[in-house]
Amino acid sequence: MDNHENTEKTVNRYSEKPAKAYSGFAMLVVVLAAFLGSIALIVFGSMELARYAGEMGSENAVSALGLCMVIGGSLAVTAAGLLCAGFKVLNPNEALVLTLFGKYYGTLKKDGFFWTNIFCTGINPGSEKTGFSMTASGTMHYSGASKKVSLKTMTLNNEKQTVNDERGNPIIIGTIVIWRIVDTTKAVFNVQNYRAFLSTQCDSATRNIARMYPYDLFDDEDQNEKTLRGSSQEIAAMMTKDLQERVAIAGLEILEVRITHLSYAPEIAAAMLQRQQAEAVVAARKKIVEGAVGMVEMALDQLNADQVVDLDDERKAAMVSNLLVVLCGSKDAQPIVNSGSIY
């Protein structure tokens with residue numbers, strides 16, 4: 001019990017906090033002023049060195065004031081250049097998780113132009129893959145990993161996978177997940193890569209829920225039982241709940257899970273198709289028989305009411321048989337005309 005509590009405390013020891021940041025525009029003015037001031041120092045220092053050397057009549061004569069001005073201006077230019085590393089620009093629905101010498105420094109979540117500690121570095125293990133890509137014009141383009149964490153609502157199109165339903169039948173199911181990051185520190189520090197973690201947990205949740213329900217029901221089963229095909233909305237809601245519990249440690253919020261593909265695996269698809277076709281034929285025949293019986297009953301009642309002909313039980317049975325053959329047959333009946341007596 002103590003080990004579990006210690007592990008949970010270690011995983012959740014970082015709580016999201018705002019990073020110390022200053023207005024980027026104010027610091028930009030300071031940096032520009034530093035640049036201009038340093039350039040002025042270097043120029044005036046060089047002029048002082050040249051004037052002093054001319055007065056002394058020796059090229060080796062160096063003015064201490066001029067030398068200090070040149071050195072000071074050079075150091076100021078270097079410092080101003082280093083300050084530029086602290087500028088950060090954030091777009092709407094973006095965040096930047098900052099670390100300072102390996103320790104969590106804070107998170108920037110407001111959009112705008114900021115300046116932070118120049119030694120802070122952004123971290124985003126779940127950034128998109130880097131590499132070279134070919135553009136439409138045929139040139140190579142390199143896309144680097146972004147240190148910014150996107151807070152936008154994103155979509156994960158999970159690949160189709162083969163799972164077994166409640167009866168053990170192999171089925172192919174594909175899902176799509178709509179998600180977003182709500183806690184940047186958990187997403188960055190608690191898991192190695194939150195995108196890969198979400199994909200793996202989505203596979204696990206899909207298998208866990210799919211094996212609890214059958215793909216479809218047979219005619220002799222309880223029609224109120226949930227199935228993967230007939231209760232897709234309820235099954236998707238269960239997947240959403242199960243997946244949310246799995247990825248809560250990564251600071252992710254699952255907005256919705258949808259089933260995009262559901263079918264039998266190829267090895268049993270043909271047999272299941274024959275079963276469905278047989279059910280359709282039986283249902284159609286049942287409907288035809290019900291209609292034929294009603295029509296025969298109506299014909300007998302009409303003949304009896306109008307007293308067109310008086311039929312005994314044997315002739316009624318023959319008439320019923322003939323009418324059922326005509327009405328229920330899959331092909332058109334060939335009539336035979338009886339010109340003699342029916343008795």
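**Charged pairs and their surroundings**

Mentor: Start with E94 and K148, whose side chains meet in a salt bridge, 3.8 Å from N to O. A salt bridge here is a side-chain nitrogen of Lys or Arg within 4 Å of a carboxyl oxygen of Asp or Glu. Side chains of opposite charge can pair when their charged atoms come close.

A word on the source. This is a predicted model, in which local features need pLDDT of at least 70 and side-chain atom pairs count only at pLDDT 80 or more, while totals for chains, interfaces and linings use all residues. Residues are numbered from 1 along each chain as its sequence is written, and side-chain values use heavy atoms, with hydrogens and water left out.

Back to the pair. E94 lies in strand β3 (residues 94–100), and K148 sits in the loop between β8 (140–143) and β9 (149–150), so the bridge ties together parts that are 54 residues apart in sequence. Strands (E, at least two residues) and helices (H or I, at least four) are DSSP runs, numbered from the N terminus. E94 is buried, at 16% relative accessible area. K148 is partly exposed, at 28%. Buried means under 20% relative accessible area, exposed means over 50%, and partly exposed is in between (1.4 Å probe, protein chains only).

By this rule the count comes to five salt bridges. One of them joins R246 and D242, with the closest N and O atoms 2.8 Å apart. Both residues belong to helix α6 (residues 232–247), where they sit four residues apart, about one turn of the helix. D242 is buried at 14%. R246 is partly exposed at 26%.

This pair has a neighbour. N208, apart from residues within four places in sequence, is in contact with D242 and R246. Contact means heavy atoms within 4.5 Å. N208 is in helix α5 (residues 194–210) and counts as buried at 18% relative accessibility. Its side chain also makes a polar contact of 3.0 Å with the side chain of R211. A polar contact is a pair of N or O atoms within 3.5 Å; within protein, one must be able to donate a hydrogen and the other to accept it, and residues adjacent in sequence count only if both atoms are side-chain atoms.

Look next at N190, in the loop between α4 (184–189) and α5. The side chain of N190 reaches the backbone oxygen of I249 at 2.9 Å. N190 is buried, at 19%.

A further salt bridge links R258 and E256, at 3.0 Å between the closest N and O atoms. R258 is partly exposed at 44%. E256 is partly exposed too, at 30%.

Of its 343 residues, 29% are buried.

Finish with helix α3 (residues 64–83). Its buried residues are G66, M69, G73 and A80. They share one side of α3, because they cover an arc of only 55° around the axis. That arc is taken from the directions from the helix axis to the C-beta atoms. On the other side of α3, A64, C68, L75 and L82 are exposed.
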